[in-house]
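Thanks for coming. I have one structure to go through today, so please look at the slide.

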Amino acid sequence: MPSTRPSSPAERCLRALWTERVPFLIVVAACTAAAALVTAMQPTLYASQTLVSVKPPADVVAEALRTKRPYLGPDGHLYDANDPERQTGPGRYAPRLTAPGLVTLAAHDAGILPAGTSLDDQQASRWVTADLIEGADLIRLVVWQPTADAAYRLAQAIVVRGLAINQRDEADVAPPELRRIMMIVDPPTLPSAPAYPRFGVNLSVGFALGVLAASALVAIRQTTRG
């Protein structure tokens with residue numbers, strides 16, 4: 001009589017999952033439902049993004065490269081077009097665009113904050129972020145608000161005030177210091193859909209965690225039975 005072929009690990013795993021299919025599906029469904037519930041409880045936020053550039057005038061940089069004449073930046077460091085860490089324009093202005101005072105004034109301009117009300121550091125950081133793009137002279141400004149129109153208007157107001165600050169700060173800069181000119185590369189966007197919460201991502205994470213938890217449960221049950 002021919003001997004029965006031993007089951008492979010994969011076959012044993014599939015057999016165990018089929019045997020414990022009911023608790024497996026219950027755990028997966030529970031984790032997915034929990035992720036959906038947590039996502040539904042999170043506030044809806046729209047994001048308006050802006051890309052601004054802060055760099056010296058192109059003709060000045062070209063002349064500096066041609067003549068190899070050193071220029072000092074506002075931080076006292078020599079300007080080096082090949083060294084992003086020495087291109088300090090974005091580093092100077094990114095914190096200013098997210099400062100609570102500027103965000104408060106811009107929110108008043110946009111009509112989304114009552115007069116006489118101000119934002120603290122934590123509130124401003126939840127409304128606005130400004131990230132330096134490594135290796136470039138760019139700042140990515142992102143504004144978060146409960147409605148698309150509010151996010152768009154606040155982003156516009158922040159950019160307007162940022163440009164005004166740049167013009168004021170750099171107007172009296174004289175050689176050998178190097179002026180940094182702020183320019184809008186990509187104007188504020190009007191979001192068409194919420195950026196947060198991310199339903200698809202959250203449900204996928206909940207489903208994946210459910211599969212892992214259910215698999216662990218099946219393994220424990222099979223071990224204890226064996």
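How much accessible surface does the protein have, and what percentage of it belongs to carbon and sulfur atoms? The accessible surface comes to about 13600 Å², and 61% of that belongs to carbon and sulfur atoms. Keep in mind that this is a predicted model.

Now the overall make-up. The protein has 226 residues, and 31% of them count as buried. There are eight helices and four strands. Starting at the N terminus, the elements run α-α-β-α-α-α-α-β-β-α-β-α. On contacts, take those between residues at least 6 apart in sequence: 72% of them join residues at least 24 apart.

The four strands form an open sheet in the order 2-3-1-4, and the pairing is antiparallel. Strand 2 and strand 4, the latter being residues 181-186, are the edge strands, each pairing on one side only. From one strand to the next, the twist averages 30°.

Two helices pack on this sheet. One is helix 4, residues 89-97, which touches strand 1, strand 2, strand 3 and strand 4. The direction of helix 4 makes about 10° with that of strand 3. The other is helix 7, residues 148-170, and it also touches strand 1, strand 2, strand 3 and strand 4. For helix 7, the angle with the direction of strand 3 is about 140°.

Let me stay with strand 3 for a moment, and go through its partners. Strand 1, which covers residues 46-55, pairs with strand 3 in the antiparallel sense over eight bridges. If you want to find this pairing on the slide, look for Y46, whose bridge partner in strand 3 is Q145. Another place to look is Q49, which stands opposite V142 of strand 3.

Then there is strand 2, residues 128-132. Strand 2 and strand 3 run antiparallel and are joined by five bridges. Here the residue to look for is A130, which stands opposite L141 in strand 3.

Why is strand 3 described as largely enclosed by the rest of the structure? Strand 3 spans residues 138-145, and six of its eight residues are buried, so the strand is largely enclosed by the rest of the structure. Buried here means under 20% relative accessible area.

To recap: an open sheet of four strands in the order 2-3-1-4, with helix 4 and helix 7 packing on it. That is what I have for today.

Note on methods: Residues are numbered from 1 along each chain as its sequence is written. This is a predicted model: local features need pLDDT of at least 70, side-chain atom pairs count only at pLDDT 80 or more; totals for chains, interfaces and linings use all residues. Side-chain values use heavy atoms; hydrogens and water are left out. Buried means under 20% relative accessible area, exposed over 50%, partly exposed in between (1.4 Å probe, protein chains only). Contact means heavy atoms within 4.5 Å. Accessible areas come from the Shrake-Rupley method with a 1.4 Å probe; for residues, only the protein chains shown count as cover. Two strands pair if DSSP finds at least two bridges between them. Axes are lines fitted to C-alpha atoms, for helices over the stretch in contact, and angles run from 0 to 180 degrees between N-to-C directions.
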